[in-house]
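Please look over the sequence and the model before reading on. The report below walks through them step by step.

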Amino acid sequence: MTTFDAMVRWRYRAIPDHLLGEILAKRWIDNAIPLLILIAVVAVFGSMIPDFFSAASVSNLARQWGEFSLLVLALMVVMVAGGIDLSVGSTFALGNIVALSLISVAGLPVPMVVAGTLACGAAVGLVNGLLVGYLRLRAFLTTLVTLIIVRAIVDMLLMKYSVAIAGAFIESDAWYYFGEGSLLGLPVSVVISIVVALVLHVALSRTRVGWHVLATGGSRRSAHNVGIKVRRTICVTYVVSGTLSALAGLLFASRLGGAGADTGIGLEVSALTAAVLGGNSLGGGRGSAAKAVIGSITVMLMINSMVRMGVTSGANSLLLGMVLLAAVAIDVRWLKNRHKFLSKVYVSPTYFELPPAPSTAGASVYALNDRLRPVEAIGLNRIDGPEDVILDGDDNIYVGNRTGDIVRFLAPDYTTQEVFAHVGGRPLGMAFAKDGSLLVCIGGMGLYRITRDREIVKLTDETNRSWFSVIDDSRLKLADDLDIAPDGRVFFSEATIRYEMHEWPVDCLESRGNGRIICHDPNTGTTRTVIKNLLFPNGICMTHDGQSFLFAETWACRVSRYWFDGSKKGTVEAVIPDLPGYPDNINRASDGTYWLALVGIRTPSLDLALKMPGFRRRMARRVAPDEWLYPNINTGCVVRFDEGGRIIETLWDFGGENHPMITSMREHRGHLYIGGILNNRVGRLKLKDADPAWTGPDSYWRRS
Amino acid sequence: MIGGLKRALDNLLGRGEAAVTVPPLDGAFLPNRVLDEARQRVPLDAIDSLAVVNGQLVASADEGLYALVDGGHWTLRESYGCTIADLAAVAEEGLAIALGSGNIVIEGGRFDGRRYRADSSVNCITALAVSGTQLYVANGSAKNGASDWQRDLLERNASGSIWRIDLDSGEALPIASGLAWPAGIAIESDAIVYTEAWKHRLMRTSLHGSPGVQMVQADLPFYPGRLAPGKDGWWLALFAPRSQLVEFVLREPAYRNRMMAEVAPPYWVSPKLRSGRSFYESLQGGGVKHLGILKPWAPTMSAGLCVMLDATLRPKFSLHSRADGATHGVTGVCEHGGHLHVAAHGDGVMVSLPVATILAGWGGER
């Protein structure tokens, strides 16, 4: 290794480039800009206004914020579902006057007042909801009309009751508790809005209703197509919005006790500014309670600070308008450019140096030959992409295909084929369990069992989440190959946690240890990650000692052995550290050795590029994926090796004419069956020196 | 200063000069399989250049000069002990043979047996053209030999030159220099047109009067090579396709230099006359075989292309052999006896097509 290479290696070890992309891929990153704006507002006004942080100031602000944030939350719920509610200000005023009327004119007890006020708000919301949701009127115009009508009702109520309200004296501590009381040292209104925010957060992120709301806002048509009752969902959001607005009005009434003509005027604009500034998308589908809270605090601080600094009310509105404009602009640009930026920075190659590649010529154990020439084709052009091949005790062949089936070719002539099971995902590695059921790794889905009666059972689709991983690595993205220990534990590889199955070449471009090996214990139903940071772990095969397995790392071009039991438990040892190509599946041979498929051969130009991460990163950004430098997977071979890592033989089809593309092979009764993930056939080769009675299931489960 | 900053910014963002776009095969370059579908295919290993002497088609391949007999197979006419760089007919019965050593030999005709050399520094002859008693010689590079063309491309050299030799006096004069691999010459009445492969363009330089240089065609999708006269225009052989990946590698000096130092030349990421024969060659994403099939539109380091240019050197239509074809690396082209003969060096084959059929096919499509 040259000094330059060493420097590059340290640079890529020291700086984890991939984290930037992973952080940007998180949903909560949408809150970053609103939070920065909030911090800036606090910093600016905090330094300009004396006593900004004093207890009295903060307490006064907090009470107002409690009411305001409820309005913003109300608006957020509607916006997330793709609508807009301009009537929040009027409903707020209605809540105020209704609450005051009920308590002072009608003299109702406080719980009745609360219920009545909320019902009143809900009724306004229901009108909105029916018009917008069911009659499908335009949200903007409809709620504008409601704004005017509700305001008119408020004015009429004011004319009728304002004198009575002003003259009445309310003798109820419970009533004043809302406006002036404290709970746990916090104003009651703040506690209420925090509770509401938490409930909304949980609802939106964790419940079915919340997901329906988000889905409706994200794409109304898609939501309808998947069976969500779009109209009802939208209607519900308006009802929630009206109720919350009335609740805010109730708190206001309790705090100030006065019914004025200007109550709630212009509040909808402030609330809208706050909601958008917090990062809730006007287009719907993107928003959260946290965003509404951040936005409401920011706007609240701005308005109050301007008032305290003596800015005239006209200038105040002007500022608010400018902020709304800027927030909308940022919202649009961010939405448009985030994924572009993310796609540029997500791929983050790192330094990786492969050992020198052994030769494939002359006296090398890997020397080219024609030994795969006699391979017969089974199911030629009738099967699309059999990644793995396995045979049962009755000699039937099972293969997965690209369209999500497990196809069975029937013995003895294999001319008849049938869909054994339709699993939906991409079936990859397979193994027979002791009870004769077929265990399959399904790309994009996880680990599944298909019983002899063709029942498909999910074994696991998740594992334990790593503590310090930014991306959520609990879900299985690309379960690749598996094998079963004598006690029934299933060890399977997940090739990469950073990419989906069809993005495997990007993982090669990165050549970081993104993969892992996971153990599923059917006896306890638990799934735990056992080895992490592997370079595209692929094939797995139990050794004969029952305490360890062999596994292949494709991009690292090596085969290693891991002990899960016994005295060497937990250790990994290299078995073949330097393969000339990219290893795929490993399976047992009849004489106690192992078969290994090399899916492709290393190319010197790519080996060099692996030592130059910057080159690969720029390539990923500037060159179209179809033009990228790929591992050469057009030519492969089959290798047989023993536990010590000694290569016994290599089977080539030079030129790849007869059997292009090899990803797996399975020995069965003196024949080798060969599969390939991009192939259109299953290959079958007669082996000269193999035990003609040996089968895989026997080797695993019928040993004495 | 501003230019430097702009270049640095372009380099950072992959814009401007650092962009790796390659023009699409469209218009006159619309792909077809005409070269692969030609009925008459005469194999000759490493066939390179074509010429007509005494009404007979001759071809160079490595060190040998071959003649086409009975219209069906090649016979060795003479071996020169040194790679033949190019052939050009001198009048009806003479043949100028440029050798890899830089010498030019004339066989037959008025100048039979005479030897010429443009200059002691001319060691990389890529093309010859004769007009009357004037012989025009293209020297691809001052730094590399003709067989090292990939290195010359990767080094981003522009050290080629064009010379004129008077066959009577033997006097040689440089006409143009500082060219990026001139690889073909066409002689017009008072100007010559030459291809500049590494800059993917056709240039015209005046022979009389003002020595202005004029761009005729720019941004070709392949690397242009030799030019040959046709009945109503010119034929242009383009020896290798450009690709985004190569354009990108050309903009990555660190990788290019290490690749040239550490990797064997056949396995470089560079255009080739024939690619895909070894599994040590680089593979591109679209080149992965699916169900045993290589897509014709797969990105490739080699392909076959021959373009018909009209009298004003505008491309009219083209004959292709695509990624999955078998007529890659077109280095020579010659219209003779109503047929178009195309020499594909990469696949070692000459394909012949009736010109009338080609023109009719094109006219029909129009």
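What follows is a short tour, from whole chain to single residues.

## Ground rules

This is a predicted model, so local features are given only at pLDDT of at least 70, side-chain atom pairs count only at pLDDT 80 or more, and totals for chains, interfaces and linings use all residues. Residues are numbered from 1 along each chain as its sequence is written, while chains are lettered from A and ligands numbered from 1 in the order in which they are written.

## Chain A as a whole

Chain A holds 19 helices and 27 strands. Both are DSSP runs numbered from the N terminus: helices are H or I with at least four residues, strands are E with at least two. The C-alpha atoms fill a box of roughly 105 × 60 × 45 Å along the principal axes. The radius of gyration of chain A is 33 Å, whereas a compact globule of 704 residues would have one near 27 Å. That value is taken over C-alpha atoms, and the globule rule is 2.2 Å times the number of residues to the power 0.38.

Chain A is divided into domain 1 (26–45 + 77–343) and domain 2 (376–465 + 473–701). These bounds come from an automatic or database domain assignment. Taken over C-alpha atoms, the centres of the two domains are separated by 55 Å.

## Inside the fold

Of the 704 residues in chain A, 49% are buried. Buried means that 20 or more other C-beta atoms lie within 10 Å of the residue's own; exposed means 12 or fewer, partly exposed is in between, and C-beta atoms are placed from the backbone. Among contacts in chain A with a separation of 6 or more, 64% join residues 24 or more positions apart. A contact needs C-beta atoms, placed from the backbone, within 7 Å.

Which residues touch the most other members of the largest nonpolar core? They are L596(A) and I674(A), in a core of 117 residues. Strand β21 (residues 594–601) of chain A gives this core its largest share, seven residues. Apart from it lies another core of 98 residues, among them Y66(B) and L128(B). A nonpolar core is a set of buried Ala, Val, Leu, Ile, Met, Phe, Trp, Tyr and Cys residues joined through C-beta atoms within 7 Å. In soluble globular proteins, nonpolar side chains tend to be buried together. Beyond its neighbours within four places in sequence, I674(A) contacts several residues, including V375(A), H659(A) and L685(A).

## An enclosed strand

Is strand β13 (residues 490–494) of chain A enclosed or open? Five of its five residues are buried, so β13(A) is largely enclosed by the rest of the structure. V490(A), F492(A) and E494(A) point one way, and F491(A) and S493(A) point the other way.

β13(A) has a partner in strand β12 (residues 479–484) of chain A, antiparallel over four bridges. Strands pair if DSSP finds at least two bridges between them. Here I484(A) stands opposite V490(A). The hairpin of β12(A) and β13(A) has five residues between the strands, and G488(A) takes a positive phi near 100 degrees there. β13(A) also pairs with strand β14 (residues 515–521) of chain A, antiparallel over five bridges. In that pairing V490(A) stands opposite H520(A).

## A hairpin in chain B

Strand β18 (residues 222–230) of chain B is mostly covered, with seven of its nine residues buried. Seven bridges join β18(B) to the antiparallel strand β19 (residues 233–241) of chain B. The two strands form a hairpin with two residues between them. Y223(B) stands opposite A240(B).

## Where the chains meet

How many residues of chain B are in contact with chain A? The count is 31, facing 31 residues of chain A. On the chain B side, α5(B) gives the most, with five residues. By class, that side has 17 nonpolar, nine polar and five charged residues. Ala, Val, Leu, Ile, Met, Phe, Trp, Tyr, Cys and Pro count as nonpolar, Asp, Glu, Lys and Arg as charged, and the others, Gly among them, as polar. Strand β22 (residues 629–630) of chain A pairs with β20(B) in the antiparallel sense over two bridges. There, L283(B) is the bridge partner of Y630(A).

The peptide bond from A411(A) to P412(A) is cis, with omega near 5 degrees. P412(A) lies in the loop between β6 (405–409) and β7 (417–422) of chain A. D395(A) is not a glycine, yet has a positive phi of about 70 degrees. D395(A) is partly exposed, with 15 other C-beta atoms within 10 Å.

Methods
Two residues are in contact if their C-beta atoms, placed from the backbone, lie within 7 Å.
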